Structures are given as structure tokens and as C-alpha cells.
Amino acid sequence: MRKKIVAGNWKMNLLPEEALELYRQIDSDYCADDCELLVFPPIMYVRDLIAQHGQISVGVQNFHPEESGAYTGEISVSQVSSCGVKHALVGHSERRMIFNESNDFLKEKINAALTHDIVPLVCCGEPLEIRDMDSHVAYVTNQLAETIGHLAESEIVRCIIAYEPIWAIGTGRTASIDQAQEMHASIRYWLKNQFGEQVGAIITILYGGSCNASNASELFACPDVDGGLIGGASLDAASFLKIARSF
Ligand code: PGA
């Protein structure tokens, strides 16, 4: 059985009291029968939220793969690890596009995370022009080949993958059920080819991109969709929990 996961990417939103309140609301209404929940708050709230000792895991949206050094403004993998962080987003399209993170750099981040016992939630997804050219499967599998293709079996089984078509992020335009299932099945096919049938079968693949409380159940009903990476709709406790109950 694959793990069902719903993860909330809070991006650069919420003031400190709001973040604490949102975490407390989600945590107090969460029931263990729901799927596993993760939240990715802005970095400055991470320690406070971990100190709540709640049931909901708190991860980081970003970190630098070096242990320490002259990287003004960055936070190292060992620094986040020493705060008790167990999950990290890697390869989100906003990091790739706005902060120019290349596949090579993402590979370093994934290696660093795994070395520090942090589960990388590896994001992939195509821009609209690639989908319009019908090259989306090749584009996404190339992103995966260049970021996780080198991992050993013992490493890939610790990763979570999130497929997020860029044209669906924050746009209100969700991938159709057929589009989501087609890509998730292609990712799983690639994983099985690369790492073997059994390994490919157990890796959790999340869908992200305008996923919300109204469309989550039909997306999660797709055979290869194991949950969601939620942006906007994760900022409201009730809608985030409704998504978590959509399996
Ligand atoms: P969205 O964001 O749900 O607001 O589209 C998803 C994401 O960026 O992870």
C-alpha cells in the first residue's frame, strides 16, 4: 500500500500569529484516519510549529545543500535538520523559475536532504507551451532523470514525488482527471523502469495545481494519484482538512 499524503505549501503567506493559529486548527481537527498531513510554512515559523509537538509534520520550503559557508541569506541543510525538520520541498516550479534552480542544483539538494534524513518532496511539472506541443511526458521524465535518476533503491524509496503542471499552479485551472492520471501513470512507469517494478509501485506521487476541497476527491480517485500538494487551499484549515478526507 502506498502512503496517502496531503501537503500544504504555505508559500510566503501568513504573519506569525496566523501561522500558529492555522497549525493549531489543523492539528486539533486532524483525525488519524485521515491521510498523513504535512505543512511547509515560511522558514521563520518552522521551529515554533515543531515545538507544538503536533501530529502534523512541519517541513521546509527551501534550504541550501551546503553544510555552512558564505551564502548570505541562505539556511543550510544541517541547520534545518538540527531543528528537527524531516521533510523539504525540492524543485518547486517557483524555485526553478524565479530563483533559477537547475536540475543539477536540485540533484545536490536531494542528495543533501537524504544524507540528513530529510524526505525530499520532489516537484516536477511542465509549462503550458510544452503541454501544447504534446511534449509534457518527455519533459517531466527528463526532470526526474536529471534530479533523482541517480539515486539508489534505498534512497528513492524515501522520496515523495509531486506532479504540478505549471499552468495549473495558482491559476484556478486544474489538470483534468485524464491529464493528471496520464502523467502520474507515466511517472510511475518511468520509476518502475528505472528502479524496478516493486519500488515504482510503492512511491507516493502527489498532484498539485489548483487542487481544492471541491476537486480533490475526483483527482484522488485516479489510480496513480496518492494525494495532493496544496497551495492556496492549504491556508484555510477547514478546506485543507476537507481535502485530507477526500480519499
Ligand atoms: P496552488 O499551488 O494549489 O495554489 O495552485 C500549488 C503549489 O504551488 O504547490
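**Ground rules.** I am working on a predicted model, where local features need pLDDT of at least 70, side-chain atom pairs count only at pLDDT 80 or more, and totals for chains, interfaces and linings use all residues. Residues are numbered from 1 along each chain as its sequence is written, and side-chain values use heavy atoms, with hydrogens and water left out.

**Overall shape.** I looked up the secondary structure and got 12 helices and eight strands for the protein chain (DSSP runs numbered from the N terminus; helices are H or I with at least four residues, strands E with at least two). The radius of gyration, over C-alpha atoms, is 17 Å, close to the 18 Å of the globule rule for 247 residues, so the chain is as compact as a globular protein of that length. That rule is 2.2 Å times the number of residues to the power 0.38. Along the principal axes, I put the C-alpha atoms in a box of roughly 45 × 45 × 35 Å.

**Pockets.** I ran these on a 1 Å grid over the protein atoms alone; a pocket is an open set of points with protein on both sides within 12 Å along at least five of seven lines, and lining residues have an atom within 4 Å of a point. Volumes are the space filled by probe spheres set on the points, which are joined across faces, edges and corners.

The largest pocket comes out at about 540 Å³. Of its 19 lining residues, Met12, Gln61, Asn62, Arg95 and Phe99 lie nearest the centre. H4 gives the largest share of that lining, three residues.

**Cavity.** I searched the whole structure and found one cavity of 30 Å³ or more (a set of points where a 1.4 Å probe fits but cannot get out). Helix H4 (93-98) and strand S5 (119-124) are the elements giving two or more residues to its lining. Among the lining residues are His92, Arg96, Cys123 and Glu164.

**Helix pair.** I checked H1 against H12: Leu22, Gln25, Ile26 and Asp29 in H1 meet Ala237, Phe240 and Leu241 in H12 (contact is heavy atoms within 4.5 Å). By class, that is five nonpolar, one polar and one charged.

Terms used
Nonpolar A, V, L, I, M, F, W, Y, C, P; charged D, E, K, R; others polar.
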